[in-house]
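Student: I want to learn how to read the places where chains meet. Can we work through an example?

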Amino acid sequence: MSEAPNYIVKGATGDWEIVVGLEVHAQVTAKAKLFSGASTEFGAEPNAQVSLVDAAMPGMLPVINGECVRQAVRTGLAIDAQINKWSRFDRKNYFYPDLPQGYQISQLYHPIVGEGHLDIELDDGTKKRIGIERIHLEQDAGKSVHDLHPSMSYVDLNRCGCALMEIVSRPDIRSPAEAGAYVAGLRQLLRYVGSCDGNMDEGSMRADVNVSVRKAGQPFGTRTETKNVNSVRFIMQAVEHEARRQVDLIESGGTVIQETRLFDPGSSTTRAMRGKEDAHDYRYFPDPDLLPLVFDDAFIAQCRGSLPELPAAKRARYESTLGLSPYLAAVLSAEKETADWFETALAATAAKVGQPVTEVALRVANFISSDLFGALKKLGKEIGDSPVSPDALAELLALAADGTLSGPLVKQVFEAMLETGEGAASIVEQRGLKQVSDTGAIDAAIQTVMDANPNKVAEYRSGKDKLFGFFVGQVMRAMAGKAAPGVVNDRLKALLEV
Amino acid sequence: MSVDSQTVRKIARLARIAVTDDEVPGLVEQLNGILGWVEQLGEVDTKGVEPMASVMPGNMRWREDVVTDGGIQDKVLANAPDAASGFFAVPKVIE
Amino acid sequence: MSALTDLSLAEMKAGLDARQFSAVELAQAHLDAMAANRHLNAFIVETPELALTQAKAVDDGTRSGPLAGIPLGIKDLFAVEGVQTTAGSNILKGFVPRYESSVTANLLRDGAVFLGKLNMDEFAMGSSNETSAFGRVISPWKAKGSDAELVPGGSSGGSAAAVSARLCAGATGTDTGGSIRQPAAFVGIAGIKPTYGRASRWGTIAFASSLDQAGPMARTVTDCALMLTSMCGFDAKDSTSLDIPVPDYAAGLTGGMKGKRVGIPAEYRLDGMDPEIAALWDQGIALLKAEGAEIVSVSLPHTKYALPTYYIVAPAEASSNLARYDGVRYGNRVTPAGGNVHDMYAATRAAGFGKEVKRRIMIGTYVLSAGFYDAYYTQAQKVRALIARDFEAAFEKCDVLLTPTAPSPAFAFGAKADPLAMYLNDVFTVPASLAGLPAMSVPAGLSASGLPLGLQIIGRPLDEMGVLDAGLAIERAAGFSTRP
Ligand SMILES: [Mg+2]
Ligand SMILES: [Zn+2]
């Protein structure tokens with residue numbers, strides 16, 4: 001893979017390089033919480049999705065949700081990581097009102113997933129491999145609301161105990177753009193795997209951004225950790241601002257201290273946490289309420305078997321096997337839902353047309369990426385709620401392939417399909433939009449046009465070939481676009497040449 | 001290793017237990033007494049010994065991913081020293 | 001009807017079955033005894049209405065089961081729905097759980113009648129019941145020729161005093177390092193801690209999760225067996241619960257020792273051992289030998305490290321388990337004027353926890369803190385593995401182990417003011433706790449001062465039956481019948 005050109009922060013004393021590592025917290029897709037049977041659904045009344053276990057009532061005990069284990073393993077396999085058949089949960093001890101137990105159940109010493117990696121691609125096409133140190137399972141905390149009362153904070157434990165995967169990258173990231181590409185790529189992968197919905201505005205995915213700066217060739221500088229940044233753009237801004245701040249600080253004679261910071265989306269800056277407590281000492285130790293988490297190769301194989309084709313593989317296949325351009329391949333594989341939609345429509349079209357998928361792929365791909373995406377954008381809909389189904393699209397494209405519909409008619413019928421939700425064939429039938437190839441009708445139309453434009457006929461016949469296009473347009477208009485273009489061409493030539 | 005008054009204050013802070021100045025000397029003495037006594041474990045040769053991972057041998061059972069709990073806001077809040085509008089209330093937290 | 005309270009649990013069961021008396025009469029007899037013995041301070045909460053309602057339902061035939069109508073006391077560590085549950089701590093004063101612990105739910109399923117919540121050392125940390133926020137429990141026993149009040153042992157001191165004083169037929173206890181066995185020995189009753197994982201910990205307030213086990217305390221081994229069968233059983237809500245069927249212990253009990261090998265661990269014969277204790281132990285050995293057991297000498301080389309190991313592991317777990325008592329969701333909150341939320345935590349916990357609890361939280365916090373974790377906690381868990389290994393090796397040579405339960409008879413209040421002196425009470429009980437083994441104490445004799453002394457039987461994992469059988473053999477042979 002080619003090295004990306006180094007991102008540089010220009011300082012008064014020279015160029016600085018930045019070093020970034022990301023800890024992404026991704027909420028695991030599961031109905032119930034990691035250690036309790038309460039629901040994980042977003043948006044309920046405060047404390048309505050809280051069990052006595054989540055509220056850490058005296059004597060309550062955790063019992064693990066197997067689905068969360070499965071999702072973590074599947075995610076690990078998707079980043080080519082080592083899967084640890086023996087792992088264990090540790091308690092991370094600290095006090096905070098949204099942490100009822102006074103500890104978070106997490107995995108420090110023996111995480112479920114070991115080393116893996118994610119390959120990213122920047123806008124300029126440069127590719128880079130980002131190392132992933134580990135993925136561990138842990139509990140999410142609750143939420144404190146600070147603006148409902150002048151002197152009190154309010155605590156809602158609904159999110160408390162939801163399963164998170166903490167995906168820890170190596171400090172391999174060297175620019176805001178790489179940070180953005182990494183998070184976007186990770187989000188895409190998790191959504192493909194189905195282990196996290198990636199809804200960043202609902203907090204399903206958020207990153208702790210570790211940034212340090214150094215002069216080229218120097219060892220790592222002291223890093224700061226900016227907590228819970230919840231959009232790709234904000235993550236890039238946090239990296240950029242924090243790097244600049246550190247360079248300015250060092251160059252003005254200060255020192256970077258290892259601290260926890262917060263990102264302020266309003267000003268795109270970071271600031272030290274005000275309620276900063278004494279240096280953290282989390283006193284990790286194995287959770288004695290839980291036994292080791294153990295599974296076998298058969299379980300891993302089952303997880304592997306349940307993985308879909310992953311985005312990188314899919315994109316490569318679209319290019320090499322289906323012959324799509326890199327652009328189309330990227331667009332159609334960006335989201336699993338889009339890719340699934342495309343592949344369903346592709347298979348259906350090929351079947352209806354009676355040609356191999358490789359023959360029709362480009363047509364289907366082009367139609368989806370231009371016409372369908374355009375229409376969905378106008379309607380403000382996702383591909384999942386498209387008013388036209390993949391099958392219906394296949395029917396439309398088949399009518400184009402067999403000559404029933406001309407290019408303009410295809411667009412017309414598609415519009416009607418979007419409006420009415422009806423199938424292409426029935427719209428063609430009802431509205432009489434079938435392409436006309438009958439020479440009698442076409443000849444009659446040509447004659448009418450010729451009769452109405454005697455001067456143009458004469459000009460054409462005297463050698464002004466360019467007028468041929470004019471006659472085609474007139475005839476098509478006369479026939480309301482339904483005439484088969486090939487027949488019109490042939491007949492026009494014959495009749496004008498007489 | 002022995003603890004001094006500064007260490008005792010630091011531990012008390014970590015454990016979120018307020019200690020008065022009067023209490024510190026006594027705690028220094030008691031903690032040192034206990035820690036000095038448990039330190040005899042250092043003399044046991046534990047090379048190659050795995051720390052006990054679970055008391056009884058066995059692996060963890062897994063729950064099915066089914067919603068079986070929740071919807072008990074009243075029970076959750078029943079013993080709260082301060083609650084309002086379905087939330088637990090605490091003195092303002094500044095981030 | 002004071003005679004009713006003198007019956008053993010098994011006799012009460014038979015009497016109820018034969019309708020010699022009603023469950024309400026039986027409950028009332030105990031409630032009367034409780035009222036007459038309030039000076040013992042055994043109960044934190046008495047639940048006469050609950051008891052009579054439950055008893056009436058037994059008499060009506062709407063409640064039944066193997067323990068139908070049996071009046072029990074419940075250690076205040078078990079959540080009983082709708083009844084204040086405090087773990088003997090100020091921080092939980094007024095806490096009323098909206099849930100039932102699995103152990104008490106099992107007892108209710110089997111028809112038991114709950115007389116109230118029993119006093120205990122705060123959060124089960126103590127061996128004398130002097131740390132309770134609800135005042136000390138007084139043993140019903142007095143030394144010969146002395147009027148000094150004695151400790152009932154701890155932490156299940158309320159349970160021990162109540163059973164011994166005939167305020168209940170039996171009681172639940174919990175044992176983390178000896179909290180069932182040592183108080184049972186101090187008051188001349190029987191008590192068994194089952195194998196770790198036999199009794200569910202769900203709904204029982206945690207002290208040290210890897211050590212805590214519930215078990216019964218009663219006046220006879222058979223009574224313990226009856227309660228144990230009911231209290232134990234697989235519980236999907238506790239990840240450490242063993243999914244292994246629980247035998248009917250009372251039905252299987254024979255007391256037969258023929259062909260059984262009884263191990264005597266050499267390392268338990270401590271330097272400077274109280275000669276009375278040594279004599280009692282020798283007497284126990286002789287009794288079992290007379291019953292047909294083969295006596296074998298075994299070695300548990302890491303015995304002397306058990307207590308220091310325990311006093312790292314248990315406080316470490318406790319420091320974390322007790323972090324939830326922060327005044328946010330339940331319990332008593334103290335907010336200093338102008339203080340932030342962290343000041344609230346510190347003030348709440350300073351006011352809510354007693355001295356011993358604070359001490360252990362601080363020890364636990366220290367041994368887990370950065371830079372010390374490996375030297376203390378990891379080393380302790382390694383030594384713990386060695387201690388468990390010692391037992392495994394010993395059980396290749398014998399079926400059960402016989403040891404004294406406690407190094408001394410009950411002592412007077414304030415006699416062990418130094419924490420370390422107090423911790424030494426558990427020197428014989430802690431090793432089995434660390435290894436998760438079933439162990440019981442049975443009354444086996446009296447000290448020269450006329451105070452009860454107990455012998456401990458330790459069994460292989462899951463061999464509660466073997467432990468109970470040896471206990472019954474000692475009970476029969478020793479013929480302990482003295483009462484306070
Ligand atoms: Mg972090
Ligand atoms: Zn985390």
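Student: How many residue pairs are in polar contact across the interface of chain B and chain C?

Tutor: A polar contact is a pair of N or O atoms within 3.5 Å; within protein, one must be able to donate a hydrogen and the other to accept it, and residues adjacent in sequence count only if both atoms are side-chain atoms. Here the rule finds 17 residue pairs, both at pLDDT 80 or more. This is a predicted model: local features need pLDDT of at least 70, side-chain atom pairs count only at pLDDT 80 or more, and totals for chains, interfaces and linings use all residues. Residues are numbered from 1 along each chain as its sequence is written, chains are lettered from A in the order in which they are written, and side-chain values use heavy atoms, without hydrogens and water.

Student: What area is buried between chain B and chain C?

Tutor: The size of an interface is often given as the accessible area lost when the parts come together. Buried area uses a 1.4 Å probe and is summed over both parts. For chain B and chain C the value is about 5000 Å², with 71% from carbon and sulfur atoms. In chain B, Leu41(B), Met52(B) and Arg61(B) lose the most area to chain C, together 14% of what that side buries.

Student: Which residue forms a salt bridge with Glu43(B)?

Tutor: A salt bridge is a side-chain nitrogen of Lys or Arg within 4 Å of a carboxyl oxygen of Asp or Glu. Lys304(C) is the partner, its closest N and O atoms with Glu43(B) being 3.4 Å apart. Between chain A and chain C, Arg201(C) pairs with Asp289(A) at 3.0 Å, N to O.

Note on methods: Buried area is the accessible area (1.4 Å probe) that two parts lose on being put together, summed over both.
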